[in-house]
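Please look over the structure below.

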Amino acid sequence: MTEKSGIEKLSSDNNLESYLVETREFFALIRKLDSHPEVHRVRQDEYRSMYCAASKSRNLDLLDKCLSGFFGEATKPAGKATPLSLRLNPAVKAMGGINKNQALYTRKVSTGMYYAAIWPWTRKPVNLTINLGFYGEGLSEKDYSSLEDIVETKVLKENSEKIPENGIGGKLHGISLGAFLQMSALENTSCTLKVKSANKTGLIYLLNGQLINAKTNGMNGESAAYRIIGWDEAVISIQPATADIKKEIHLPLMHILMEGLKKKDEQAYNGKEEIDVAGDDLSLSDFDSSEKQIESDSEASIKAAIEEISLKAKSGKKKLKLVYIITALIIILVGTGYLFMKKRSREVQIKNELTMIMDADHDTHYKLKLLQAFIAKYDKNELAVTAKEKIDDITSGLEDKAYNEAISQGDKLGRNLKYNEAIEAYKKYKIAYPEGKYSEKITFRISEAERKLSEDGDYNSALRRAESSGTERIFVYADFLEKHPDGKYSNEIKTLIASMNEEFYLFQNKRIDKSEIKEDWETCIKFCNEYIRFFPDNDRTAELSVKKKIFEKRLNEKNTFEIFVKDSPDGEVNLEILKDRYEEYLNAYPTSYLTKKVKTEISAIDDRLMKTRLKSEEMRIAGMMGDASERFIINDDGTFIDKKTDLMWCTLDSEFILSKCVNFEDAEVFIKNLKTGGYTDWRLPTDEELVSLYKKQPVFPSSMLTWYWTSNTYKHYSGYWKTIVNVVDTKKETSWEQQQKDSYNCGSVRAVRDPGN
């Protein structure tokens, strides 16, 4: 026993009825996609797809909406990684895999899985390839080819134009009934055929090209159709379609033809001959009924495709005899030749009709209506595109004519100062073509005419405003001129501006002086430019031009200075860096108007840096107190108190404050100018006071070994008179020997004061 084909396996499934329903829905989805204007069928690739198409517009939302009706949500949306379970799916393997940028939809059935894959193009991601198909483990390559043929010939077959029912009639000789039925199916014909052969008569009912019923000798449906198809030398009479005929034939036409020929062959083999005694006694009502639409073309085609699958399954093991195959080929060839000749003749007829429309001497608007009717009548014909191009050409010419007329009339009225009429002339085009190709140009013409129309009102308004504006009325005049540069009042306004020469100079000069005090150089430049704008050619302009250059130089120096001293990105100002930038600016711009200001800033920074340094040293000394903290009290004002002597001392000595040593004369000057803690009565200490501070435990902390001037002095002559001063060092020792230094030596000062003073 030979193994069943894949299609036979599908059809022998227990859920065949459910499977056929799902297949019908799947075919309907294919037809819906194929009918969309942005989707075009393309050549099948190597993968197993029933349908392959491309979309030149990447409308994923549209495709998702269309596909989700059959499949539900995408199994693997575009942009998402493919899970391992899906990568191992045999259907996905059969497609050659699917990557991250592709979307996959699936719907499982008991016999396999329907799928749809959307693939963006590699070089043009805006384009998409759409593949729809079915995967079943039992399907062979031949089965897949059969499914593709069904989709191509049944599901996606374009509806041919129906044969007009007016005037149906007459008899056909010399053409076989099978060939005529095949042509009728291709043209979706609805009619009733009365077939006569010798003493036999039969009726065949066609609806939209489908064989729905047949009658002969008391027989109905398929058996009657088989009998009639087997008659020889039949004469066919074509009658109008019969209404209310019940559909009793559900098999495809090709199956009926082949089975009829087979039965005829069997009768000839058995020596039997059919005898029809019914003659012409068929009811006349069979010919008089009107056509009844049973189902839509698309649904009928899809059902036919499903039926063909079932038929292939049921007759999978049967082998047609060579005579049937040859007969079917003859039927197809005859029908194809007939359709080719008819199509060619129809193309010539349509082309002649379009030529007549274009060559006729009709009114342009009437010709447009004829072309639109032509497009509606032949919307699927290639010549409909030509008709649309003709319409575009005619429409463009009409628009050009309307624009030229509007410009000619409007401009002429504008030259005669009839602006209202000019605006109306321009608007005629605007109304006829609101989104036309000359829309911007017409809009500009209208706005210009409206501007000129408003000149009288603007002139009166300018005069009223000028009365209360003082010297600034010149700006009112300038605004008017800017709006109406070539208006009828422009010369008058220019004369008013010229008469304000000296008045406006004095006014602007005062404004410049005020801004100069504020160092607002941008405003100074602005006021200079305003005067130069109104009076470009006089002595005052030359004067202000010189000032303007000075202001521009200062503005540049100011902007450069701001760049030099810009704070650090985190907003914190580093005084050392800021001081360096100030000094760098002075080196670059030694003659800048900001030189004095920059030097002042540098001095201020030095003061701040000194205070910071002194405060840091005071804190350091306070941290070194240790046991001495019981004797000395550190204050926050740069002083400390010796509880043993009740004297107030300056926390920092002169060497730290001045960053240098001093002779005795400079030491006295330092004491005189010292104002630490807000006190001005600082003095040099005696040698006993310094000894108490540094030689009696606990001593005041010191981080360096130095010596200090005292107030104990005497004169000594050694070839000349010189001053000898007692000094005390900071060396830690319990005994002390008196030391003296010449006044020209360099030492330090530890200032002291009496708190009771």
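In which helix is the place of Thr-541? Thr-541 sits in helix 22, which covers residues 539-564. This comes from a predicted model. Is Thr-541 buried or exposed? Its relative accessibility is 5%, so Thr-541 counts as buried. Leaving aside residues up to four places away in sequence, Thr-541 touches Tyr-531, Ile-532, Phe-535 and Pro-536.

**Confidence**

The mean pLDDT of the protein is 78. A score of at least 70 is reached by 76% of the residues. Confidence is highest in strand 18 (residues 752-753), at 96. It is lowest in helix 10 (residues 285-288), with a mean of 37. Residues 1-17 have pLDDT below 50, and this stretch has 31 contacts in the model beyond near neighbours in sequence. Residues 275-295 also stay under 50. There the model has 58 contacts beyond four places in sequence. Where pLDDT is low, the predicted coordinates should not be read in detail.

**Salt bridges**

The whole structure holds 20 salt bridges. Side chains of opposite charge can pair when their charged atoms come close.

| Pair | N to O distance |
|---|---|
| Arg-107 and Glu-25 | 3.2 Å |
| Arg-540 and Glu-502 | 2.6 Å |
| Glu-733 and Lys-695 | 2.9 Å |

Arg-107 forms a salt bridge with Glu-25. Arg-107 belongs to strand 3 (residues 103-109) and Glu-25 to helix 2 (residues 16-34), so the pair ties together parts 82 residues apart in sequence. Arg-107 is partly exposed, at 22% relative accessible area. Glu-25 is partly exposed too, at 37%.

Arg-540 forms a salt bridge with Glu-502. This pair links distant parts of the chain: Arg-540 is in helix 22 and Glu-502 in helix 20 (residues 501-517), 38 residues apart. Arg-540 has a relative accessible area of 28% and is partly exposed. Glu-502 is partly exposed at 36%. A network of salt bridges links Glu-502, Arg-540 and Glu-543.

Glu-733 and Lys-695 meet through their side chains in a salt bridge. Glu-733 is in the loop between strand 16 and strand 17, while Lys-695 is in helix 27, 38 residues away. Is Lys-695 buried or exposed? Lys-695 counts as buried, at 4% relative accessibility. Glu-733 is partly exposed, at 25%.

An open sheet of three strands runs in the order 15-16-17, with antiparallel pairing. Strand 15 (707-717) and strand 17 (739-742) are at the edges, each with a single partner strand, so one side of each has no neighbour in the sheet. From one strand to the next, the twist averages 35°. Strand 16 (residues 721-729) is joined to strand 17 by four bridges. Asn-726 has Gln-740, in strand 17, as its bridge partner.

**Nonpolar cores**

How many residues has the largest nonpolar core? It has 35 residues. Those with the most contacts inside it are Phe-632, Trp-649, Leu-693, Phe-700, Trp-709 and Val-749. Elements that each supply at least two residues of this core include helix 24 (595-623), helix 26 (664-673), helix 27 (687-695), strand 15 and strand 16.

How values were computed
Residues numbered from 1 in each chain as written. Predicted model: local features only at pLDDT ≥ 70, side-chain atom pairs only at ≥ 80, totals over all residues. Heavy atoms only, no water. Buried < 20%, exposed > 50% of the residue type's maximum accessible area, 1.4 Å probe, protein only. Contact = heavy atoms within 4.5 Å. Pairing = 2+ DSSP bridges. Axes fitted to C-alpha atoms, helices over the stretch in contact; angles between N-to-C directions. Core = buried A, V, L, I, M, F, W, Y, C linked by side-chain atoms within 4.5 Å. pLDDT = per-residue confidence, 0-100. Salt bridge = Lys/Arg side-chain N within 4 Å of Asp/Glu carboxyl O.
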